[in-house]
Amino acid sequence: MPMPRASVEDTGLPLPTLDALPTPPPSLPHPVLKSLLGAWALAACSPEETTAVEDHLGTCGSCAEEARRLREAVGLLQRPDSLDLDPGLRTRVLDSCLDRRPPRIPVPEWATPYDAETARLDALLQDFGDAEWHAPVRLRWFDGTGPASRRTTVAGVIAHLLAVDGLIALALGLDDPLGDTDADAPTPTGRTEAYWRASHFPPTRTVRAPWREQGHGIVRTVSFTGGGAGKLGVSYGDGALPLHDAMIDRAFECWVHAEDIAEAVDYPYDPPSGRHLNRMIDLAVRLLPGTLAQRRRAGLASPAPTPRHLVPAGKPGRTLRLEIEGSGGGEWLIPLDSPAAVGSADLEVAHVALDGVEFCRLAAGHVSPDDAAAGQLGDREAIRDVLYAAASLSRM
């Protein structure tokens, strides 16, 4: 049998004070307790009121039933938590880890948007079943004069990204995903058509593994170069970009086509982070003067002013101010008359304001230049030419 416990008086310990004893719940009348049920259901009562209400619910059946109904109503008012991870979680976790231990071989800053966008798209694809992989997708772009489109599937979009990313792989000395397949032209469209034709059946989910492995290989290779390969030329068949710009271009297209895929399967998809979006916008803006000059030579843009208004290379000329609002925004001065001219605030003839995501969708050919929600001030002809040049940056 257990020995009897010693009384606190026999232990030599101080006796508990009245302040140390638990405070009994306040004695509240029934109407007051009933009026507190709504606050209790919302967890808005004080600890003393909560104790009093819960003690009362054990003895009053009508209040207990009312409390149950109120708790159920509160549950209906709350938004259900999404099982999807916050798209910015990966970046925050990596930044936190890298603050504590820098990587032995860091990814160049200009390659991080590609690394992030391919990872986001891969996370979207990981739970797709066969039905989603064969869901129809319409690729859209602007062919210089009007909208154009091509019908494919989710798997076909990933095959398209695989074939075009192969241009960077080739420049880095990696394997070409087309293998021995010959493309009619070494352009993004030509390579995509060749890859699609070489498939005896429409592309399936098996295309995900080579696309992801190629992306990892590209990021690993540019990281091992220490960023020194950024100026390496990447040929697009009808033009070329330095590697650091080509990586931004591929990140941009990966995001655009990820949105196409998400729309096809009715799934939400967020834009890139503001820092990466800013790099994409900056690349598009830097390509605008050359595209505008090409459209002018093709007769698709208004001619330049009389020769006395033209300026030598490197000198300031007529300028359009592009103001990008929202995440990734900023201001850019775009020379209008020559790709070699320099934008000047003193020679500004027009001002356009656009949301950052809206501008990117315009550059992707997903928004018509005539429908772009832009704040416009100044030379209407110059504004129209720049908006059409931005849409002309798009391709399949």
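User: What should I know about the model and numbering first?
Analyst: The model is predicted: local features need pLDDT of at least 70, side-chain atom pairs count only at pLDDT 80 or more, and totals for chains, interfaces and linings use all residues. Residues are numbered from 1 along each chain as its sequence is written, and side-chain values use heavy atoms, with hydrogens and water left out.

User: How do β5 and β6 pair?
Analyst: Antiparallel, over six bridges, with β5 at residues 316-325 and β6 at 330-335. Strands are DSSP runs of E, at least two residues; helices are H or I, at least four; both are numbered from the N terminus. Pairing takes at least two DSSP bridges between the strands.

User: Which residue in β6 bridges Ile324?
Analyst: Gly330.

User: What phi does Gly326 take in that hairpin?
Analyst: A positive one, near 85°. The hairpin has four residues between the strands.

User: New topic. Is Thr153 buried or exposed?
Analyst: Buried, because its relative accessibility is 18%. The cut-offs are under 20% for buried, over 50% for exposed and partly exposed in between, with a 1.4 Å probe and protein chains only. Thr153 sits in strand β2, residues 147-153.

User: What does Thr153 touch?
Analyst: Trp133, His134, Ala135, Pro136, Val137 and Pro203, leaving aside residues up to four places away in sequence. Contact means heavy atoms within 4.5 Å.
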